[in-house]
Each structure stands twice: as structure tokens, then as C-alpha cells.
Amino acid sequence: MKYVSTRGKASVLRFDEVLLAGLARDGGLYVPEEYPCFTKSEISNMQGLSYTELALRIILPFVEGVISEKDLRIIIEKSYKNFNHTAIAPLKQMGHNLWLMELFHGPTLAFKDYALQFLGNVFEHVLSKRNERVTIIGATSGDTGSAAIEACKDRDCMDIFILHPEGKVSEVQRRQMTTVHSSNVFNIALEGSFDDCQNMVKALFNNQPFRDEFNLSAVNSINWVRIMAQIVYYFYAALALGAPAKKVSFAIPTGNFGNIFAGYCASRMGLPIQQLVIGSNSNDIITRFFETGSMVMSEVVPTTSPSMDIQISSNFERFLFELYGHDSDEIVHLMNDFQQNGKYSVKKELWQKAKTIFDSCKCDDDKVQKIIAETFQNTGEMLDPHSAIGFFAGKTKGKYPQIPMVAFATAHAAKFSDAVKTATGKKPHLPDFLNDLLEREENYVKMPNNQEKIQAFIRDNAGKRKKT
Ligand SMILES: *Cc1c(COP(=O)(O)O)cnc(C)c1O
């Protein structure tokens, strides 16, 4: 399998090179040159597989020639053994043909564990084979940071620096990052927004000498490997609900467009998906895109679903690349427009084409409260604000009552307990293994939004674990 950049100028790479590169050197994102496609009978044969057995089948074609089946099996088994539910990704019925897939049973209680636990183990495997070491730099609006730290802590082959916007993540989210005490983990509270954090990470990557000196690597969803690992649960849900004989639809609370793009990949791989419904919070740039055909940036407003308080959905570029038939010149053009003018428009017929599989809707904080309260009353399930947005989107936009709609619950309610308590009158409890989180000692540095200073901090701290 070969990987190409959406902007067409960076080298074509193998799987291990894509893993380590993160962002492509031309500013684009890596995608498979061609998606592996399963036949209907191959998909039928996947029925009844456990989550890890299924993951092996789905992921193998993407890593062929770089990781052997035997090694991949070990990596996958290690990655999902710390999950707190034997089904890994359990499905719950919430109404007629309406399902919830709980993707919060990993060590940090958000869906990001599904990809990042895997990513950590793949990094270790590939780095030890290549005898290399990396410095991982990531920006987080809350959940990525803790999932990445949990996946990378205590590993000799890497250091990890995570930037979060100071004061803009929930206390549980912050503590899940800052209470991990490991000599290769560094938390930075940046004075700014999540987009400032993400721009800082991009700027560090664009400083080529710095990037090379520290062998920078990314764990944000710009890293292809995260998308790849997320494809698995689309298959897992659809198979449980009768695919490939039957079609399935999905509804996903969306920020950076990583999770839902994995659903698009699954459909390209042969999974019969009818609809992919996007749920947006008040930062509804993607919903406005599907309504108008134009992506128009505006200010980020804070909501009770902070992991979706984003205006630049990086992974949308991957979808545009497919929509434009791999015409990277067009992508460069659109991305330049966006950077210079804060907007771009796609050709009308392509916008129409995008809408044959995607649909989208907005859910503001008032509606989030209503959905959480109503769902708790009707089913006893406590949705976190992100999950409530996906659930609302699935209920609102599902066009085919005979086709199952699977909404993703992307975080545990206790990660956002204030919003959930306001809506339900009941405080959701953290699982036992995180019981004492609020008493644990925190460790982080506060820093200004200044590239020189961040670089100096990394220079002072990277590689300490190796030396000791
Ligand atoms: C990251 C996150 C999202 C958004 O996912 P994207 O892949 O960025 O679209 C939604 N919900 C939760 C809880 C998250 O942590």
C-alpha cells in the first residue's frame, strides 16, 4: 500500500513513513493511493468476529509489506486489552432502529482511545525496528491529549508534548492529562484557543530544521493511522446489524472530521452505508457547508461540547481530495483560498455529490440540554453533550426508518459532569479506576502563545528519559 499527499507535492510513502510523518511536507494530509475494497462475501465472512479479530482483517491491507500479520495481531491485542467492556464497542438499542454505539470504554473515556492506544503500540513497533526515537507534539481541545498521553507514557522511544488551551478544557479532561507522571510526558497550558494550539503545532512542523532535529511526529487526527483504526468500529456496528445484506446509517458528533471520515473510508471499502450524518454544535461550519456548498470560517464560540469547538476541520481536506478525484492542484487552490480569505466554495455538482452520502445538522447548547434530559428520562442512558449532538443529528436527519441508524457516544458522561448534571439533576460517576482523579497531583506549565518559547521548552526537555 502506498500513500499520497492531498497536495500532490510530497513524496509517496509507505505505511511506516506515513505513521512517522504526520503532516505531509507540502502541508497536505496523507491518504491511501487506493482504498482496499472487500467483496460482499468477504464482508459476510467477517460476521461474528470479535472486535480484535475484525480489526486484524480491516487493518491488514493498509500495513501490508511493513507489518506482518503475526505482529499486527500482537499490536491489536495489546491495544484493546485495557478497555473496560468485553465487547470493546457495545451497541445499545435506544428506539426503533435507533442504536447507540458506546465508544467510551477505553482508559480515558472517549472514542479517541480506540485509535490512540493502537497508535502508541504501532509507534513502538515501527520505531524499535527502525532504531529511532521521536518527539510527539499534539494540540488538544480536551480528549486527544489525555488519550495520547495514556498511549505514549513510559515509552523509551518517544517524548510527548501536549498543548491545551488554558482554562478551556474541563477539569476532568485537564486532570486526565496533568496527573500522569512520567518522565516522557510534558503538558503545556497555552494562553489562547484550541485553534491557536493547533496552529502552533502546524508552525512547529513547518519549521523544517526544528522538525528534523527533534524528529517530530503527530498524534492529531492529521495522522492517517488514527483514521485507519477508527474504520474498524463502523464495520463492527454494521455487521452486528445485518451488513452486508442490509444497509446501515451512522450519526457522528463532528469537530475535526476525523471520526466521520473513517466512516467514509469504510463505505469506500465496500461497507453498505446509506447515510453519514454530521452533528455540529454552535460552531457549525461543516453544517453550513452542506447547506450552501461554501466553507466559511467564523469565530470559535465556547460550548458545552468543547472537543468540537473548532472552525478548521483539518480532515475535511481528505474528503475534498476524494471528491475532486485526487486532483491535488484543485485542493491546493481551495486551501489557499481558505487560508487567505477564510472561505472557499466547491463546484456545484461536487457539492451535490457530497450530499448523496453526507447530511448534517446543528444542535446548540439549549437543545443539547433537552436531548440529555429527554434521553435520560426515556432510556436511563446518560449522554455526554457530544454524544447528545450525534444522537440528535441521527434522530433528526435519518431519512429511512427501515435502515438502522447508529449514533456514536463519543465520551463518557462523567467527563462532562456539570452539563449532564444540569440536564438530568444527577451527577454521573467516574468509573472506579478514576475515582481519585480529583485528588491526584497535577503537573503542567503555563506558556504564552509564542513559538520561540515553546521551541525552547521542547529543546530543554526532549530526550531526558533516554539520558537517564
Ligand atoms: C474529538 C471528539 C469529537 C470530534 O471528533 P472529530 O474526529 O474531531 O470529528 C467528538 N466527541 C468527542 C467526545 C471528542 O473527543
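Which polar backbone atom is 2.8 Å from an oxygen atom of the ligand? I found that this backbone atom belongs to Gly255.

I note that the model is predicted, that local features need pLDDT of at least 70 and side-chain atom pairs pLDDT 80 or more, and that totals for chains, interfaces and linings use all residues. Residues are numbered from 1 along each chain as its sequence is written, and side-chain values use heavy atoms, with hydrogens and water left out.

Ligand shell. I looked up the surroundings of the ligand and found 15 residues, a residue counting if one of its heavy atoms lies within 4 Å. The closest are Lys112, Asp143, Gly255, Asn256 and Asn259. By class, I recorded five nonpolar, eight polar and two charged residues in the shell, with Gly counted as polar.

The protein buries 97% of the 380 Å² that the ligand exposes when taken alone (Shrake-Rupley method, 1.4 Å probe).

Glu442 lies in the loop between helix H18 (417-424) and strand S15 (445-447) and Arg174 in helix H7 (residues 171-178), so the pair ties together parts 268 residues apart in sequence (helices of at least four residues and strands of at least two, as DSSP runs numbered from the N terminus).

Terms used:
Polar contact = N/O pair within 3.5 Å; in protein donor to acceptor, adjacent residues only side chain to side chain.
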